[in-house]
Amino acid sequence: MPISRRALAAAVVALALPLSACGSGGGDGGPTDASGKIEGDITFQTWNLRANFTSYFEGLIADFEKKYPGTHVKWVDQPAEHYADKLSADAAGGTLADVVNVSPDLVAPLAKAGLAMDLGKAAAKYRSEYLDGAWASHQVPGTSGTYAFPWYLNTGPLFYNKALFTKAGLDPDRPPKTYDELFFDALQMARRSGGKVATLANVPSIEDFGRYGVPLMNKQGTAFAFNNAKGVELLAKYKELYDAKALDPQALTATPESSGKKFLTGAVAMNPGSALDLDNFKKNAPSLYKNIGITDQITSTGHVNMYVMGVMVNSRTEHTPAAVAFAHFVTDAQNQMSFAKKVAIFPSTAGSLNDPYFTKEDGTDETRVRIAAAKSLKNAVNYTPVLFSDQMKTALQNEVAKALQGKESPGQALDNAVSAANRLLRQG
């Protein structure tokens, strides 16, 4: 799949396994003895990576087969579109690959169906190799296991338009660092521009509630709970921004792509992004690039949001030692560093982010963004709950829209969103 920060954000889609696949697994992850001889034929499935990284993966596989002469790895790659449907069909038909590229919410139903191996048991000796937040991202509430090795991570800063800040009477060298400062600056930007320039282009998503410090689920992890006072407070703030046109009027239907275009044209003053965006600014919006400001994600928790991909092992593989060994090989520190230097992503292995590639300045904005992101990833978390499906995201988005339009109070909207999410959770 495309590896940009926005693509990672957009690509995390929900998977609802058909009833025929939801057997008696109960989330135990199946057999976990990976201690035997590493040999046999296994299949490795990736998510839209062949087009740009064929040589990397062919080399990776060749290195593994050389290290373990009795093995053979067949690599298959699936397009980004309908990837969840493909996993669902393979799970139902018993044709799931031995080693599978997944995101946390794709692995959750597979784990609950007993199709994802518990690597907390099968690969416990490797646990210390990974960042805590990355390892935790493939844990599923209601189960005790970890169902994928963490693979590549991404996060990014907030970009802001210094020229628009100056026009609004705001200090272009002092972007907002807290939510209070963000809301204050956004209202001033809207007032000074006569409502022509919004500061933000997107309504709050589940990860925004997490960043704001809203508890998203109950302590048991059995029900959603973001309709608490803190959650209502955040949505009420966004309602104020929306009424003042400090939140873009088209935010209710915005996509990451449309928000990016708004930022490029100067209709929006701030937008999240990654190092990949800087080249886009330089080529397609040189006046913006000259005035680009870069600041950290705003969070009330001290932890930025990260997007994470993983590598799962099919619990029904006939070659458990080889499948676990290969999944670990793909995600070990050496191979993750090699992959990270080919594209703007970050390794999930402990210590890798201390490499000079992620710490040594060279005077370029691209390196500045990479260093800042790497530093923030050391204690980042994946705020989107693994059980929060696409249907739940849609329910939240619809209720947020009603609140912003004044059709419901923020409290009622979040009550409805939580009720819908919990109903879907029970059905799953």
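At a relative accessibility of 0%, Phe57 counts as buried, because the value is under 20%. This assignment, like the others below, was computed from a predicted model. Trp151 is likewise buried, with a relative accessible area of 1%.

A pair of aromatic rings is described by the distance of the centres and the angle of the planes. In total, 31 aromatic pairs were counted. In one of them, Phe57 and Trp151 are arranged edge-to-face, with 6.1 Å from centre to centre and 75° between the planes. Phe57 belongs to helix α2 (residues 50-67) and Trp151 to strand β4 (residues 149-154), so the pair ties together parts that lie 94 residues apart in sequence. A second pair, formed by Tyr160 and Phe165, is tilted, with 5.0 Å between the centres and 55° between the planes. Tyr160 is buried, with a relative accessible area of 3%, and Phe165 is buried at 1%.

Ring pairs also link residues into a cluster, whose members include Phe57, Trp151, Phe44, Phe53, Tyr56, Phe326 and Phe339. Charged side chains were found over two further rings. Lys230 lies over the face of Tyr212, 4.7 Å from the ring centre, and Arg370 lies over the face of Tyr357 at 4.0 Å from the ring centre.

An open sheet is built from three strands in the order β6-β5-β7, with antiparallel pairing. Its edge strands, β6 (270-272) and β7 (292-295), each pair on one side only. From one strand to the next, the twist averages 25°. Four bridges join strand β5 (residues 158-161) to β7 in the antiparallel sense. Tyr160 stands opposite Gly293 in β7. Helix α11 (residues 256-265) packs on the sheet and touches β5, β6 and β7. The direction of α11 makes about 140° with that of β6.

An α-helix has 3.6 residues a turn, so residues three or four places apart point the same way. The buried residues of α18 include Pro410, Ala413, Leu414, Ala417, Val418, Ala421, Leu424 and Leu425. The buried residues of this helix pack against α9 (206-211), α10 (229-243) and α17 (390-404).

Notes
Residues numbered from 1 in each chain as written. Predicted model: local features only at pLDDT ≥ 70, side-chain atom pairs only at ≥ 80, totals over all residues. Heavy atoms only, no water. Buried < 20%, exposed > 50% of the residue type's maximum accessible area, 1.4 Å probe, protein only. Helix = DSSP H or I, 4+ residues; strand = E, 2+ residues; numbered from the N terminus. Contact = heavy atoms within 4.5 Å. Phe/Tyr/Trp six-rings, centres within 6.5 Å; stacked < 30°, edge-to-face > 60°. Lys NZ or Arg CZ within 6 Å of the ring centre and 35° of its normal. Pairing = 2+ DSSP bridges. Axes fitted to C-alpha atoms, helices over the stretch in contact; angles between N-to-C directions.
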